[in-house]
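Q: Please take a close look at one residue and its surroundings, and then at the charged pairs elsewhere in the chain.

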Amino acid sequence: MFLGTYQNKIDDKNRMAIPSRFRDQLGGKCMLTKGFDECLYIYTMEDFEQMAAKIAALPQSDADFREFIRDFFGNSELCDLDAQGRIRIPQNLREYARITKDLITTGAMDKVEIWSAEAKADFDMAKKMKDTKFTDKLKEYGI
């Protein structure tokens, strides 16, 4: 399980250092892809394969679903961590997540989220406006 939040940066070669706590769980390889809310997701190989199996079981006759497949898998990148525990973030994913320099890397249970510091601040500000609605939703689920 991925836990914790870290501040880091992308370097001039578009690489980011994976926090050591997360690095140990990734085992040298990972899958990087678009996430929701303008962030990127890093999955272990095992978790990515499980996600792929779930997606493959859904009906591909649905046009929205086909578009999701194209977007999710078309923007996925197999990453090998280098000797310093870094991965390279491709331009299309940097643009999607508004990544320029400062990053927020956070554990999100079965994946790691990578945010530009600016996008994370914008998301957190928008989320604060919805806290009461979300609290009501948690109550519905018994949490």
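A: Leu78 touches Cys30, Met31 and Met45, where contact means heavy atoms within 4.5 Å and residues up to four places away in sequence are not counted. This is a predicted model, in which local features need pLDDT of at least 70 and side-chain atom pairs count only at pLDDT 80 or more, while totals for chains, interfaces and linings use all residues. Residues are numbered from 1 along each chain as its sequence is written, and side-chain values use heavy atoms, with hydrogens and water left out.

Leu78 sits in strand S5, residues 77-80; strands are DSSP runs of E with at least two residues, helices are runs of H or I with at least four, and both are numbered from the N terminus. Leu78 is partly exposed because its relative accessibility is 47%, between the limits for buried (under 20%) and exposed (over 50%), with a 1.4 Å probe and protein chains only. From Leu78 to Ala97 there are 19 residues in sequence and 18 Å in space, C-alpha to C-alpha.

Turning to charged pairs, the whole structure has twelve salt bridges, each a side-chain nitrogen of Lys or Arg within 4 Å of a carboxyl oxygen of Asp or Glu. In one of them, Lys34 pairs with Asp71, with 2.9 Å between the closest N and O atoms. Lys34 belongs to strand S3 (residues 29-34) and Asp71 to helix H3 (residues 63-74), so this pair ties together parts 37 residues apart in sequence. Asp71 is partly exposed, at 31% relative accessibility. Arg86 and Asp82 also form a salt bridge, at 2.8 Å from N to O.
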